[in-house]
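The following note is intended for a colleague who is new to this structure. Please read the points with the model in view.

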Amino acid sequence: IVGNLGIAYASLGEVRRAIKLYEQVLEIAHEICAASPSAAERTAARRGEGNALGNLGLAYADLGEVRRAIAYYEQALEIDREIGDRRGEGADLGGLGNVYAALGDVQRAVVYYEQVLEIDREIGDRQGESKALGSLGVAYKNLGEDRRAIKLYEQALKIAIEIGDRRTEGGIVGNLGIAYASLGEVRRAIALYEQRSEIAREIGDRRGEGNSLANLGQAYKKLGEPDRAREVWRQSLAIFEAIEDPRAAWVRDWLAG
């Protein structure tokens, strides 16, 4: 229950509060593992440790504390491999891929994402498969391979729609917007950013809404509409500041420019 509360607070952008709850879960799991006489109980406790460490990695990544995030993900990965939790292993590898991508080591991120995709297909995790394809799309976009990225996004989007995963659908729609903007198709990108904003508001994804508004502002700037760009950037900044997202600094710079 405590761990689920942490996830709920993280989804609302209250990451610091979520971290405190994940730390409680980790402490409880340590205590249970040390006191449990049976192998089954210890394995369950170890799984709890792995989940808490993975959630801490995600939380610190959201706060921009990437080195700390890597340390937590690596601890989680070690535990999940030890107990044979393939789903958990995939989540840890995906988190590491995201962090290395944020550090600019995109080729290393691709290696992690490909491992995630293999695991998700092996265990039949359609949601995970969609996310892994989307992550690979982002990586290839960052490597300058926009057309390859779009193909991966389209595969990911098809799966997300089929399984009704609105959060993943929204993220992929936003990434498609970024890819088309890079190719100079700015009007098409704007339509996708607006669609992304609508999905984010519908599901209460504050971080996603902030991202889509930030990108929408960039698109309007490219079209030579600076006043409209500043209007949506101000909305984006208010969201990023409220949830302590490090991207707030970028938006402040854009508004000051």
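Is Arg16 buried, partly exposed or exposed?

1. Arg16 is partly exposed, at a relative accessible area of 40%; buried means under 20%, exposed over 50% and partly exposed in between, with a 1.4 Å probe and protein chains only. The model is predicted, so local features need pLDDT of at least 70 and side-chain atom pairs pLDDT 80 or more, while totals for chains, interfaces and linings use all residues. Residues are numbered from 1 along each chain as its sequence is written, and side-chain values use heavy atoms, without hydrogens and water.

2. Arg16 forms a salt bridge (a side-chain nitrogen of Lys or Arg within 4 Å of a carboxyl oxygen of Asp or Glu) with Glu244, the closest N and O atoms being 3.7 Å apart. Arg16 lies in helix α2 and Glu244 in the loop between α12 and α13, so the pair ties together parts 228 residues apart in sequence. Helices are DSSP runs (H or I) of at least four residues, numbered from the N terminus. Glu244 is partly exposed, at 46% relative accessibility.

3. A network of salt bridges links Arg16, Glu65, Arg68 and Glu244. Tyr60 touches Arg16, Glu65 and Arg68, among others, leaving out residues up to four places away in sequence; contact means heavy atoms within 4.5 Å.

4. Asp205 has a salt bridge with Arg167 (3.5 Å, N to O) and another with Arg196, where the closest N and O atoms are 3.6 Å apart. Asp205 is buried, at 8% relative accessibility, and Arg196 is also buried, whereas Arg167 is partly exposed at 40%.

Terms used. Helix = DSSP H or I, 4+ residues; strand = E, 2+ residues; numbered from the N terminus.
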